[in-house]
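User: Please go through the model below and answer some questions on its local geometry.

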Amino acid sequence: MISAFLVFNNQGQPRLTKFYTQLDTSIQQRLISEIFTLVSNRPAGSCNFLPLPPLLAASSTSHSSTEEQSDVPSLVTYRHYATLYFIVISTSTESPLALIDLIQVYVEALDKLFENVCELDLIFNFETLHATLSEMIIGGVVIETSLDRIVAGVRAQGTVAKRPVNEGRSTIGSGMGIGGNFAWTGRV
Amino acid sequence: MLYVIYEFEKSLYDLIRGLRNHKGNEKEYIQKTLKECRAEVRSQDMDLKATALLKLIYLEMVGHDMSWASFHVLEVMSSPKYHQKRVGYLGAVQSFRHDTEVLMLATNLLKKDLAATTPTVISLPIATLPHVITPSLALSTLADLLPRLNHSHANIRKKTLVTLYRLALVYPEALRAAWPKIKDRLMDPNEDPSVTAAIVNVVCELGSRRPHDFLPLAPRLFELLVDSGNNWMAIKLIKLFATLTPLEPRLVKKLLPPLTNIIRTTPAMSLLYECINGIIQGGILDSAEDIAGADEIATLCVNKLRGMIMINGDANLKYVALLAFNKIVLTHPHLVSQQEDVILECIDSTDITIRVQALNLVKGMVTSDNLVPIVSRLMKQLKSSSPSKDRRAPGSSSNTPETESDDESQTAITAPTVRDTQALLIPDDYRIDIIERILFMCSKDNYSSVLDFDWYIDVLTQLVRMAPIPRTFDADTGALLPTRQQVDVSEKVGDELRNVAVKVRAMRATAVRAADVILDQLLSDNPVGHPLSSGALKSSIWIIGEYSIQLALPDDSLNGLLQAIPRIGKPEIVAVALHATAKVFSSIAGSEVEPWTSERKSRISLLLARILDVLEPLALHPNLEVQERAVEFIELLKLTAEAASGQPPSTDENSQEPPLLLTQAIPSLFTGWELNSVAIHAQKNVPLPGGLDLDEPIHSNLGRLLAQTDIVTLQSDEADEFEVYYHQRPPPSSISSSAPAISRLADPDDDMASSYQQLSEESYLDADILAKRKAERMEKNKDDPFYIPSDNILRTSTPIHNILQNHNGPALDIDSIPVMQLDLEKIGTTVAAPSRPRPQPRQRVIVAADETLEGSDSGTGRQYDSENSSSNVAKAKSKKSKQHSLLQVDSSTIGSFSLEGNASEGFDYERQQREEAEMQQAMKEVERLRLEMQRANERIQMAQGADVQGVVIKKKKKKVAKKTAGDDENEPTKVKPKKKTKKVAAQTVEGGEPGAVTEDAPGSPSTKVAPKKKKKKKAPVEEVEATGEAGSLV
């Protein structure tokens, strides 16, 4: 199960936070900053998985039985696109490689919705971010992985606004949806 | 998206622009905006309210609590306009917590929206419920959710079934009701594939908890695995099967062909990996019936995994392959150990995630052959990443979040600098992890892998220096520190050293020397006046004391101890140090053979005076243990000092014995049985002697006997002697001379150690340790004809040494390469073992096993003695205490829940009906009582002739109604008639209503609330519409 889906930028400023369990705002922020510390110090060519941040590691080591293991978040997957980090925290019932692709699907969906998505789109339309996510994941369970269906689902809720025209900086992440930080060929 | 631009109010767009324009003082700006939002969200204008809420949600994302606005969230949720409603629901998802009280009020709204006609509206409560679900909410929404499983939109169906799963996690009965329908959906071949995939995802989640219930589904799942072309689903199916195969071995035969087929053909790496993973986790490797087939599949898997690690560049595959190896190693360690070469490569990966996984593996692969290279690699990592002395706890500084600022230019400057310092840096957690693993690997199986204890002791000495400083002493974060950081890892290193000293008799002298070095090091590293906090101190001091006979320079060690004692922070270490001081003193001064010359006499007096000077302040120590030990030793030493001064020194003609107190009494305190390590469970194995009744009093007249003993001891001769000693006052003069001696003796050690410290950067051992090792090796190999001593150039000039080491790779220690082979090859006569280090004879060292009694099975492998094990027991205890992880969704309730009778209607409709009828009966009764009370109230009011303004009272009443609904969820039905009467019968005093309500409450048993929701569902909602007022949704 997916425990949380986060997006923040290269400075650690959150752009989307979605926790599938209830968590205090302050703890959410601590977790985000811990993950940011981890993720921002990855050397080039690292894998897309993070060691557990201290907040999570502390609690997961206290569990020994394998039974409970499947409930405890044990995997932090991330992808880095242009100026943004996408993070998925999940339990062991998710497939690590599939999660990498899931993030890709999410970004591609955003790219389709915004046409050449960039960070500014996400800043000003964070409601659409949430809407897109809830077409893919409900309550921590993946419900849709098909790009077209996701996009259709979001569009059914109303028109998606474009980024404000008068906002000077454009397309920081042109082609954000395509390349990513990593030539990942083994698409599902 | 909506941007409703107002003339006076800020939209979300304005807020974000404002944030970007207020670089530098965002905090102020945010506070201002929050204030505005607080006002706006209270407004009657729904547009304004919704916009304010959206802004609040945005600010919540960056860390500004909005729990205070939960009621306004609810208001916006109830908006008839979809785009506003959506904001409201988003607010609920993001900000509702377990303790959000208005959640109760939301029930009816959720039920109403679940029954909406527009699919987009239905989606909102469905997507929101998993975030806010509570057992009672699950109970009341279940009946509304179930029909949605048959909705015409596939989108709604799949969202509903996931939400039902989340309902079941808090309220397992929901699964009983929903499961037959979900199963029908799964079985239906015409079902939308994405719904099927969603069901598989849910079943996979459930399956990890309760695999038994899903065995009957295996044929259908198998069909899906083979036929559907959906890789996402296939991955989940394989994961599910991996949990099923252990229960149904026959599945293995069925699964193997498609799985091997996928492994051989699929282009998708993720599917390939999950296939292998599934084979491993499902235990297919062991359970295949024909051995040849199992071998074949095992080699196939392992080879594929090996290929994944080898593929250059794809770190992800490396990671997942290691992950899989970590699972295989549990059942097939030999298969993994064949891959030692590639795995060892991963230890030095730049990527910490990969390193940790590789480390996990290596831990289990250690043998006496590869222990030294592996540990060397790890030590090298620690050493090269060792933070310099002045940079303390670097992790804490980078933890400060920058979430509050939107300032990109500013942070852009700071970010790269962080990166620079971190390039070399390994997080403390990881360092602790490495050190613990090194200790684990070396001490495994009672040190069976350690051949060279000299080396091990040097490694331990080095580890003490490299151990990160624990951050437990930070008062502000102390409460939040995870438990594993609270254990000072250097304490574990120290304990290891002590274990070696105790267990390996041959190495005792070396261990004692190492302890001495550690103490010196700690003294010189910490500037005078700073407390010594290293955890290794305790064990080091204990070793110095216990084996003081083996000390090379006991006077220096005593000196070190005396310097250390006033600076030790922890009382338990002070207590140990007190004892150690006495032990060392006794070994210095207690010689019987040495003649009692005037020189010896003055030396002893001086020593005693110095010790007493250090101990005396401790007699008032706040810790009782320290105080007691200090007082005891002070008195004893004072007596000794007196005896020493009273005994005239021997002269040429008159030989004098040293005082007995010095040579007999004090040493006898500390000599006796040698201490051995005892196995952890040894005590349990002590057989209870037959005929021993522990409940029986030892003596029928114990109290009197005890009283008698007092008298007896007083009458004995020894006591008289003791009294004489006791009442003599020691001369106070000897203390004054001590202070300068301490300072004089302290100097040289400090200088030596600190200058050594900076020499070597490259190898994992510090230079002083290296130098010592070299000297020892020289000494050892002096007579070895095959050993070519490294020549002087190499030895004296460290730069060349370092260059060579750099080129040869991190793990190589020049000196440990047996150079003799060169020699032999030149001669070309004998065949030397190629590159293997000379096997070191183990018999030199005997490692004492833990002492235990017959029948102790777990005792032999213990590496820590009783002291450590007690902390282990404590840990085990803490494990038992149920502690939920962050982000964890507890599904344990599901685990104990049985889905028996899958096919039958699990949900007991009859019972429901019965309860409903009962409920109605009760409700009627309640209603009757309530009306009566109300009438009585009115009568009172009429009598009083109270006249109240309509508007104000109305609001107040509404609040009351809300509150009661919050307190007790079965209220809504009552609200309806209540309000009607309200309208009809003028105004009531507010006090009357809650009175009536609380009277009602006992009449409607809350346990039976469940089934009646259909009846009451619409009531309050209708009323909202009737009053037509935004904000009065209850």
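**Helices, strands and backbone angles**

User: Which residues of α22(B) are buried?
Analyst: Helices (H or I, at least four residues) and strands (E, at least two) are DSSP runs, numbered from the N terminus. A residue is buried if 20 or more other C-beta atoms lie within 10 Å of its own, exposed if 12 or fewer, and partly exposed in between, with C-beta atoms placed from the backbone. In α22(B), the buried residues are L371(B), V372(B), I374(B), V375(B), S376(B), L378(B), M379(B), Q381(B) and L382(B).

User: What do the numbering and the confidence limits rest on?
Analyst: Residues are numbered from 1 along each chain as its sequence is written, with chains lettered from A and ligands numbered from 1 in the order in which they are written. The model is predicted, and totals for chains, interfaces and linings use all residues, whereas side-chain atom pairs count only at pLDDT 80 or more and local features need pLDDT of at least 70.

User: Which helices do the buried residues of α22(B) pack against?
Analyst: Contact requires the C-beta atoms of two residues, placed from the backbone, to lie within 7 Å. The partners of the buried residues of α22(B) in chain B are α21 (352-365), α25 (428-447) and α26 (453-466).

User: How far apart are the end C-alpha atoms of helix α22 of chain B?
Analyst: The expected span of a helix is 1.5 Å times one less than its number of residues. For the 15 residues of α22 (residues 371-385) of chain B that gives 21 Å, and the end C-alpha atoms agree with it at 21 Å.

User: What is the secondary structure of chain B?
Analyst: Of the 1034 residues of chain B, 39% count as buried. Contacts between residues 24 or more positions apart make up 74% of those in chain B with a separation of 6 or more. The secondary structure of chain B comes to 51 helices and 0 strands.

User: At what angle do the axes of α32 and α34 of chain B cross?
Analyst: Axes are lines fitted to C-alpha atoms, for helices over the stretch in contact, and angles run from 0 to 180 degrees between N-to-C directions. Residues that meet across this pair include V574(B) and L578(B) in α32(B), and V626(B) and F633(B) in α34(B). The axes of α32 (residues 571-589) and α34 (residues 624-646) of chain B come within 8 Å, and their crossing angle is roughly 15°.

User: Which strand is joined to β1(A) by 7 bridges?
Analyst: Strands pair if DSSP finds at least two bridges between them. Strand β1 (residues 2-9) of chain A is largely enclosed, because 8 of its 8 residues are buried. Antiparallel to β1(A), and joined to it by 7 bridges, runs β5 (residues 84-90) of chain A.

User: Which residue takes a positive phi in the hairpin of β1(A) and β2(A)?
Analyst: Strand β2 (residues 14-19) of chain A is antiparallel to β1(A), with 5 bridges. F8(A) has P14(A) as its bridge partner in β2(A). Between the strands lie 4 residues, and the one with phi near 85° is G12(A).

User: Is E115(A) buried or exposed?
Analyst: Most residues other than glycine have a negative phi. E115(A) has a positive phi near 55°, and its place is in the loop between α4 (96-114) and α5 (119-124) of chain A. Because E115(A) has 11 C-beta neighbours inside 10 Å, it counts as exposed.
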